[in-house]
Amino acid sequence: MRRALVTTALLAAAAPACGEGLPPEERIASVRPLAVRVEVDEPAPPADVGTMAEAMPRSTAHLRPFIVDPYGPLTTDRIAQELEPVWLACNLQPVQGLLGCLQEAVPLQPSAVPACPPPDLGGFDPSTGMLPTTPSPCRIETDDPATPAYTIPLDGGYLVGGDIEVTMVAHTTATITTAACLEQLLLDRDPDPGCLYVTQRLAVGPDAKLIELAQQFGVPADALPPLPDPIPDPDRNPRIDAVTVSAYADETVTAKRLLEVTVETGDVLELPWGARVELEVQGHEADLQQYVVPGDDDSFSTRDETFSGRWFVTWGTLLAPTSDDPLAINTWTLMPGPRDSTDVPPYALATLYYVLRDDRQGVTWTHFQIRVTGGPPEAP
Amino acid sequence: MPPSAPPSATAPRRAHLGLAGLALAATSLVALPRLAAAAEPAAPASAPDDPTARIVPPEPLATVTVEYPAALAQRPDAPRGEVVVRFVVGVDGVPIEVAIEQSLDAELDALALQAVSALRYRPATLDGEAVEIATRLSIPFEPPPPPRPEPGPPDDAPRGETPGEDTTVGDASIGGDDDVGSGPVRLRGRIREAGQRTPIEGATIVVVPVDPRTPTGRVKKTDYAQGAPPKWQRTRRSDERGDFVVRGTPAERVRVVVLAPGFERIEYVEQLGETTELEVAYYLRRLPTNPYRTVVRSVAEEREEVARRTITPAEIGNLPGTQGDALKAIQNFPGVARAPFGLGLLAIRGTGPNDSAVFIGYHEVPLLYHFGGLTSVFNADILERIDFVPGNFDSRYGDALGGIIDVQPRKGRRDGYHGYVDADIFDAGFLVEGRVGKGSFAVAARRSYIDFILPRVIPDDAGVDLTLAPRYWDDQILFDHPLAGGDFSVRVFGSSDKLKLVAADPNEVTTDQRDRFETAQYFHRADVVWRKQKGPWEFLITPSYRYDMLQFGISDIFNFDLGVHNLTLRSELSHRASKLVKWRVGTELRAGRFTATVAAPPLSALSGGDTATQLQSKQVGWLAIPAVYTTVDVTPGQRLTLSPGLRVSYFGGIYGRASVEPRLRGAVQVAAKTVLKAGVGMFTQAAQPVEASKVYGNPRVGLERAVQTSVGVSQQLPLAISVDATAFFTYLYDEIAPSTALVRRTDGSIGLETFANTQTGRAYGLEILARKQLTGSVFGWVAYTLNRSERRTAPGEPMLLADFDQTHILTLVGVWRLPRNWQIGGRFRLVSGNPYTPTVGAAYDASVGSYLPIEGRRNSARLPAFHQLDIRVDKAWVWKRVKLSLYLDVQNVYNHQNTEFLNPAFDYSLNAPVAGLPIIPSLGTKLEF
């Protein structure tokens, strides 16, 4: 095999290091989406587990976006009124990448995108050998555009490993509308900078339960992938146990400790300018699940979920932008960073966001704010 | 006495070779720079790039002894001096047209004519064909001294009366021990090349008396004023060992003058003793105008493609901007796209880097460079030459759509034991070579020391733990020996690259597999080669075994482990049926067994897919690709040569495909120094294993194909300058492109097709190369390419620019050899920027927390043009036994910030240009012996 692949990979690995002059990802300077959590209704959820992030056909999934700006997270009202989102659902083929479904469908007139129909198994006859299909893409009709609910239909593609690509289309500026943004996306035109597109994989499964469902509908077993044994639990959203904040007067190791508290989401602390804030976020380790991945010889191998955390701030400097330990630690210094245009945060409020993901579709987040008192020392 | 006269040009049917001295029994050759300008190509349809390198001089088969006539010796004025005979060595090895060019005495002239006529040679050849060669021979005659009852100091007799010595033609006793009553040995010496210790055969040593007040030692300033003739003079010639002996001179102070073609003249004043022998060793520095030392003969391929560029190690070693890397030198030729960051990617005539093949010694090698481009894996100093064929290559080569680089290792030197130790900013290496019986060996190795330096300079808080700092090494072992009338070679070589680093954020409590990046590549190959030429027949058989290993790991989501055992067997039979027809038939079998263990997300999932759907695969498979090929060279007229060829291959194992590739080349010599060439042919290439993988790819993919056409003109100009212009057009079809179609896969499941043979494309352009050969003190070239390369990924899709499309590629290379072993070279490049796909927007992938680019039209934008100047300065110090070279290679002298690619912001709202290599001075040194 000729080895240009290795050279290309080495270059790609080095590319992120060449980021001089680019805005840092951990800095929130405008309206930005950070996550979309899928929460599937469960008639009888087990005790002490996170919400389910994986949906079977005919179950209902709630989509909860986490969108923030430099002043704090957007409430559902603001999302609905200011961003005016619309949601599309598109059936992803097995192992297809996100946006792949929509990109394959475009160009498409917005008027040609039907509303997503409710699940209907009335006309399904497994003896024909034809699996049911649903229109793709389709528009999720909802009265709550900020947190829509979507009832999963039955589509033959799910039975062979497909999922659903849900895409939120919205606008962040007054210079353009959501309808125009939708038109640009569907007609494959260059999008306006004021358009906001957020896509999330809505996992349909677990795959093993889908296979069982297909068998119930009479699909022959030899036409289906093998079943793992035991059948794994559905994917769930992780939880955060606690967020602990310790603050010190300055950056020196001998600095006086100002406080040490456990904060809840949305809390506001008060600290002086220049303080060093030590952060600890404890993920709920029991939420890390085991799952299986198929091999090429009908075998399965087991993998353990791991945490992946990302930190964001609206002002100040972070020691690092990510953490992948169950106990994620970081340091936030209340002094202006290289991208801060003001010596003190706007309205004296600086916000920290933390998003915690597992290896699959599970996600959760938290945030708190610091009211920064005082300012930089005056020059002598 | 000066050496024999220099050569001159005559009729086209003959080549000329000047022989210095009488060394008819010797087998060493001296290639004379002026011959390159004077010689005419013997075969009308060949492109005479460097006729010097293709001429094999005649080899004497026996020696002839001439005795000084006794009657003549008794004359008081017995003639002494040189008779120069001019003659032609015929195609049967018999001298013809023998004539006196410089007369001495009628009787001695007749003896000289008789002696030369009695000589017999293995005839000279040009491109394997016997040719007549005009030459001359200088025969010194010295009357023998009268016999003495006992050895003693001779009288200080005037010239003509002092007893002389036998002079034999072709006798190794010349310059060596001569005990035929010629007096006591006064001076015994050896002549060697400075810095190499190589014997210089055929050097002229003239000994004359000098004023006793003259200080002994080296004479720095030679007085060429005509004075009184010396009272006596002795003239000797060094033998094949470089030795000489001077007998029967007065025991007094003498001046010793040593002359040899291509070397500096030296003079010493010595004191000869009454009762003692003086032993001396003289080291002559090679003149800059004579870069060639003893050349080990080999027969170059005579088949000429439309555009075949040949570069020799002498040219390679000092090219600026390439760190002496042979294979990177290829990138300076037309038709080769500029690779980013100076990497070793070879994108030839609009095809991709994976579409061309590199052969070292008849077999393909898997990788060329350490870590993709630092330095090549094969030491350039043990290469005989590199042939670069950008298209329409011979049927001998297959499984490639682009071009061919054919590298031939050379034999080890047999003129003593030689070698060197060298070092630069990346690595250090050595080479040792010498004689083994009738054969030779060469051993070379190199190892990097970046792994020693980097961990000591990278700060501890940099967040990078070089668990295994990048390190590489390579080795080559060559052995050659005559066998059964042919040449037998064993070659073992290989390389290894390794890197492992763990990059953790400063806030991480523990580092783990998710923070790692590692790669390891290794291969080793063992070849056996046997070649024999017997009259019109030529035989070649060469089996080879190679083991490859490739490991690659990124975080805990991608692991790749590949091991391949390869066996290749090539055999060829060539026959020159007549003056008009020569044919070659060959077979090539490539077989391999591979084991690949992969754990990775599906390829499409790398861009926003579900990383939980990771595919794990262990595949064991095999490949067998037998091929039969033939090329016939037909010369229906003196000026026209047609070379139809055919290659038939079967790609077995995981492929199960066959190909038939007809090819045709032709050349017409329209004028004495002008050749027109054209070529057309079909070429196929198998899919990359990952593309045909049943897990990650599509086992149904077929062969990729191309039809290449080219037409060119080659013009030889005076002063060893040549100009080549070639126009080419390549049509590519059945190329493999990504596919998102949903199909029923071979295992019965429904899934993405992943890859399909839906892509078509075209590449066309014009290449111009004006080149000054390495003769004299300057060489270089100007290369310009105008081209366009386009692809259509599937029917109905638009035709768009290919990734490596570079409209204009201009390269100027020049190297000047200055006095006192200085050399300076420069390279300037001006190249169109690479095309890229602009990002017009982005969507946030909430599944993984990063943005997905929304791309515009593929390759619809272009980076700024690239331009860069590299300069290299070399200086060598030549002492008697060693030579020390030092070079300073400065890349990007004026530090131009060439944009190699655009690094996007995390949300693709901005782009930051990433510049290529800045000004980089690189120092290197080499100590040769």
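Predicted model: local features only at pLDDT ≥ 70, side-chain atom pairs only at ≥ 80, totals over all residues.
User: Hi! What distance separates the centres of domain 3 and domain 4 of chain B, taken over C-alpha atoms?

Analyst: Hello! Those centres are 23 Å apart.

Analyst: Residues are numbered from 1 along each chain as its sequence is written, and chains are lettered from A and ligands numbered from 1 in the order in which they are written.

User: Where do the domains of chain B run?

Analyst: Domain 1 covers 1-141, domain 2 covers 149-290, domain 3 is made of 357-384 + 410-530 + 543-555, and domain 4 covers 806-929. The bounds come from an automatic or database domain assignment.

User: Now strands. How many bridges pair β28(B) with β29(B)?

Analyst: There are 18 bridges, in the antiparallel sense, between β28 (residues 537-554) and β29 (residues 558-576) of chain B. Strands here are DSSP runs of E with at least two residues, helices are runs of H or I with at least four, and both are numbered from the N terminus; two strands pair if DSSP finds at least two bridges between them. As one example, Gln551(B) stands opposite Asp561(B) in β29(B).

User: And what joins β29(B) to β30(B)?

Analyst: A hairpin through 4 residues. β29(B) pairs with β30 (residues 581-600) of chain B over 18 bridges, again antiparallel, and Arg576(B) has Lys582(B) in β30(B) as its bridge partner.

User: Phe517(B): buried or exposed, and why?

Analyst: Phe517(B) counts as buried because it has 20 C-beta neighbours inside 10 Å. The cut-offs are 20 or more other C-beta atoms within 10 Å for buried, 12 or fewer for exposed, and partly exposed in between, with C-beta atoms placed from the backbone. Phe517(B) sits in strand β27 (residues 516-534) of chain B, and its C-alpha is 5.5 Å from that of Leu501(B), 16 residues away in sequence.

User: Over to chain A. What is the strand order in its 5-stranded open sheet?

Analyst: The order is β11-β10-β13-β19-β17, with antiparallel pairing. β11 (257-263) and β17 (317-318) are the edge strands, each pairing on one side only. Further in, 8 bridges join β10 (residues 240-248) to β13 (residues 276-283) of chain A, and Ala247(A) has Val277(A) as its bridge partner in β13(A).

User: Is Glu260(A) buried or exposed?

Analyst: Glu260(A), in β11 of chain A, is exposed, with 11 other C-beta atoms within 10 Å.

User: Which residues of α5(A) are buried?

Analyst: In α5 (residues 178-186) of chain A they are Cys181(A), Leu182(A), Gln184(A), Leu185(A) and Leu186(A). Their cover includes β5 (86-92), β8 (163-171) and β9 (195-204) of chain A.

User: Last one: where in chain A is confidence lowest?

Analyst: In helix α1 (residues 4-14), at a mean of 50, whereas strand β1 (residues 32-40) has the highest at 97. Chain A has a mean pLDDT of 87, with 90% of its residues at 70 or more; pLDDT is the predictor's confidence in each residue, from 0 to 100.

Terms used:
Contact = placed C-beta atoms within 7 Å.
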